[in-house]
Amino acid sequence: MLSRRSLFAAAGALGAATAAGATTPSSQRAPEGFLWGTAISAHQSEGNDTNSDNWLLENIKPTVFKDRSGDACDSYHRYEEDIALNAALGFNCYRFGIEWARIEPSPGQFSEAELDHYERVLEACHAHGLTPVVTFSHFTVPLWFAERGGFEVTDGADLFARYCAKATERLGGLMGMASTFNEANVQLLLQIMGPMLGHSAKAKDMIAAARAATNAPRFSSLIYSDPAMTQPILLDAHRKAYQAMKAARPALPVGVTLTTQEVQGVGPDSIATDVEKQLYGGWIEAARNSADFVGVQTYSRLLIDHHGLVMWPKGTEMTAAGYEFRPEALAATIRWAHKAIGKPIYVTENGIATEDDARRIAFIDQALDGVRACINEGIAVHSYMYWSLLDNFEWASGYGQHFGLVAVDLQTFKRTPKSSAHYLGRRARMNLL
């Protein structure tokens, strides 16, 4: 039980946040062993990922990227500062990525120096009492892999599994848990949302320019490739990587994370059920058969009528990322994952892009209400990891969208925690849902 002193301390710490827009949090504690944390990815935070496909695409013309990633948050050099900050805020886990493009800079040649680097990152997590939650592929691939066709070429699955085996053999003993792919079905979401995104023609021109610049006619970058070609190979890559990782470290929990959307029907004859099937493709079966857990990553919902995707109603509160403010979506996707997949559920990403930190606090508060409700329904939810620790590089949107609990000065790299960082960190420290 919480001591009276702890309860008074929690009340004082949370009071300011409640006044800023959050509701009074429940006194219900999360289950023992619940993981509270934040998430980042390698390319989005480390900086100067020069050997990756994304670096080329950001620097070529034409490009869909508003900014170059450049130094990003310089987390490659400042990882210990980030990890110490994460722990000091009150979290007990840290989700981050290892970068394939650094570890295997040319085919079959693995960098011992880079493996040493990630070993130090993992050791820093343990030194600060954090469970490391590691992503092996967060959208980017080595440039050489993209040049040979990426995941559009059948043996791409074997090459990915080889990398996963090598990294797990060397680093797996320090990992708390790991996932093969981040949002393995993201291409399927982009396919559904295509008309809203509006830069497909420019993306094709960007890929054509990359092929010309590298003299690689088969150049393929995951986000901009054809799902009909890549999804079967990605599924094979996940299965083979899972097997290789479990062979190297049988006790290491290995899963996959999915982009999970609340898919809601609108009006008569809605095709929401068909769209939901399209969104998850073969990943429900893959998660059932080749994963120890599933990572739920939820930001909003999709409204579907009898034709397909529809815009949110006029007057809907929108986030800075251009979609609906919908923290309730998290509970909906947890329930979906429990019913459809039936594996242990970890919330590996949930967050909001906004300049109004009071709305971030309110979003977190309402999302955690949903986690608590799901746990009370008997669903085993094992974590809440907020995206993201830092205001970092948000892919084609560049540095204009701020999801972070911590602001980063891109000139000095100074980290400044926001009120939301202290709010969520205090709840994490008290284990309060």
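Which residues do ring pairs link into a cluster? In this predicted model, the cluster contains Trp100, Phe136, Trp144, Phe145, Phe151, Phe160, Tyr163 and Phe181.

The protein contains 16 helices and 13 strands. Its radius of gyration is 21 Å, close to the 22 Å that the globule rule gives for 433 residues, so the protein is as compact as a globular protein of that length. The C-alpha trace spans about 65 × 55 × 45 Å along the principal axes. Of the 433 residues, 59% count as buried. Contacts were also examined by sequence separation. Among those between residues at least 6 apart in sequence, 80% join residues at least 24 apart.

The accessible surface comes to about 16,600 Å². Carbon and sulfur atoms account for 52% of that surface. Charged side chains number 39 positive and 47 negative. The centres of these two sets lie 4 Å apart.

Aromatic pairs number 22 in the structure. In one of them, the ring centres of Phe160 and Tyr163 are 5.9 Å apart and the planes meet at 55°; this pair is therefore tilted, as the angle falls between the 30 and 60 degree cut-offs. Both residues belong to helix H8, which covers residues 156-171. They sit three residues apart, about one turn of the helix. Phe160 has 0% relative accessibility, so it counts as buried. Tyr163 is likewise buried, with a relative accessible area of 0%. Phe160 also forms an aromatic pair with Phe181. Here the rings are stacked, with 4.4 Å from centre to centre and 15° between the planes. This pair links distant parts of the chain, since Phe160 lies in helix H8 and Phe181 in strand E4 (residues 177-181), 21 residues apart. Phe181 is buried too, at a relative accessible area of 2%. Phe160, Tyr163 and Phe181 are among the members of the ring cluster.

A glycine in a loop was examined next. Gly351 lies between strand E10 (345-350) and helix H15 (357-376). Its relative accessible area is 1%, which is under the 20% cut-off, so Gly351 is buried. Leaving out residues up to four places away in sequence, Gly351 touches Thr298, Tyr299, Phe363, Tyr386, Trp387 and Phe403. Val64 and Gly351 are 287 residues apart in sequence, and their C-alpha atoms are 24 Å apart in space.

Two cis peptide bonds were examined. One joins Lys61 and Pro62, with omega about 0°. Pro62 is placed in the loop between helix H3 (53-59) and helix H4 (75-89). Another runs from Trp387 to Ser388, with omega near 5°. Trp387 is one of the residues that Gly351 touches. Ser388 is placed in the loop between strand E11 (381-387) and strand E12 (406-408).

Phe139 is not a glycine, yet it has a positive phi of about 80°. This residue is in the loop between strand E3 (131-137) and helix H7 (143-147). Phe139 has 10% relative accessibility and counts as buried. Phe413 is not a glycine either, and its phi is positive at about 70°. The loop that holds Phe413 runs between E12 and strand E13 (415-417). With a relative accessible area of 10%, Phe413 is buried.

Technical notes:
Residues are numbered from 1 along each chain as its sequence is written. Side-chain values use heavy atoms; hydrogens and water are left out. Helices (H or I, at least four residues) and strands (E, at least two) are DSSP runs, numbered from the N terminus. The radius of gyration is taken over C-alpha atoms; the globule rule is 2.2 Å times the number of residues to the power 0.38. Buried means under 20% relative accessible area, exposed over 50%, partly exposed in between (1.4 Å probe, protein chains only). Contact means heavy atoms within 4.5 Å. Accessible areas come from the Shrake-Rupley method with a 1.4 Å probe; for residues, only the protein chains shown count as cover. Lys and Arg count as positive and Asp and Glu as negative; His and the chain ends are not counted. The place of a charge is taken as NZ of Lys, CZ of Arg, CG of Asp or CD of Glu. Rings of Phe, Tyr and Trp (its six-membered ring) pair if their centres lie within 6.5 Å; planes under 30 degrees apart count as stacked, over 60 as edge-to-face and the rest as tilted.
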